[in-house]
Amino acid sequence: MPVEIAYIIGGILALAATILACIFILPEKKRPSLNKFFRFVADIFNFKTLFIEKILKFLYIFATLYCIAAGFFMLFSGTYTPSSFWGSGSTFHSTALVGLLTMILGPISVRIFYELLMLIIIIAQNVISINKKIPGNAEAKPQEPAASQETPAPKMVYCTHCGTQYDANKGGCPNGCQDE
């Protein structure tokens, strides 16, 4: 089968699967009737879970360890270059300095880059969290009812004699001072 036909068949199947997923899996009203696997699939396609954070953490660890390992092996390696056109002698050029710089500056630059990426992800997570708390939002959690208004708000004052803070609604100074 020619590769062009494989691309066309693959595209048609992907389009059909996308239409079916949009009809039967993605709508929130269908979620209670889905089994555990399809709920997981729906969460992935509705971006309820962000996997990029886990992927970036993995890539950060890999890139840092790669810089250290590559730099370590560069400490003990180098290149030979012919010193003349006819190749009668050669000169060894060490890569120790480049390896040392890779071991030191590589992880630092990788850390800065990944911190910037994680900063964007953390901002997105905070915006999602704030958005869930806004009243009137479709995804907002129900707010607890406000406390009853039967008890008046405390009116905190200070005793002019001893300086103790007390609630004026509950009476005078708890130390028994005569407040003038």
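K57 and E53 sit four residues apart in helix 3, so about one helical turn separates them. In this predicted model, the two also form a salt bridge, with their closest N and O atoms 3.6 Å apart. K57 is partly exposed, at 45% relative accessibility, while E53 is on the list of buried residues in helix 3.

The structure holds three salt bridges:

| Salt bridge | N to O distance |
|---|---|
| R31 and D43 | 2.9 Å |
| K57 and E53 | 3.6 Å |
| R111 and E115 | 2.6 Å |

Is D43 buried or exposed? At 18% relative accessibility, D43 counts as buried; R31 is partly exposed, at 25%. Besides R31, D43 touches K48 and T49, leaving out residues up to four places away in sequence.

Now back to helix 3 (residues 52–75). Its axis and that of helix 4 (residues 96–133) come within 7 Å and cross at roughly 175°. The two helices are therefore roughly antiparallel. Their contact has 20 nonpolar, six polar and three charged residues. The buried residues of helix 3 pack against helix 4; among them are L56, A63 and C67.

Notes: Residues are numbered from 1 along each chain as its sequence is written. This is a predicted model: local features need pLDDT of at least 70, side-chain atom pairs count only at pLDDT 80 or more; totals for chains, interfaces and linings use all residues. Side-chain values use heavy atoms; hydrogens and water are left out. Axes are lines fitted to C-alpha atoms, for helices over the stretch in contact, and angles run from 0 to 180 degrees between N-to-C directions. Angles under 35 degrees count as roughly parallel, over 145 as roughly antiparallel, 65 to 115 as roughly perpendicular and the rest as oblique. Ala, Val, Leu, Ile, Met, Phe, Trp, Tyr, Cys and Pro count as nonpolar, Asp, Glu, Lys and Arg as charged, and the others, Gly among them, as polar. Buried means under 20% relative accessible area, exposed over 50%, partly exposed in between (1.4 Å probe, protein chains only). Contact means heavy atoms within 4.5 Å. A salt bridge is a side-chain nitrogen of Lys or Arg within 4 Å of a carboxyl oxygen of Asp or Glu.
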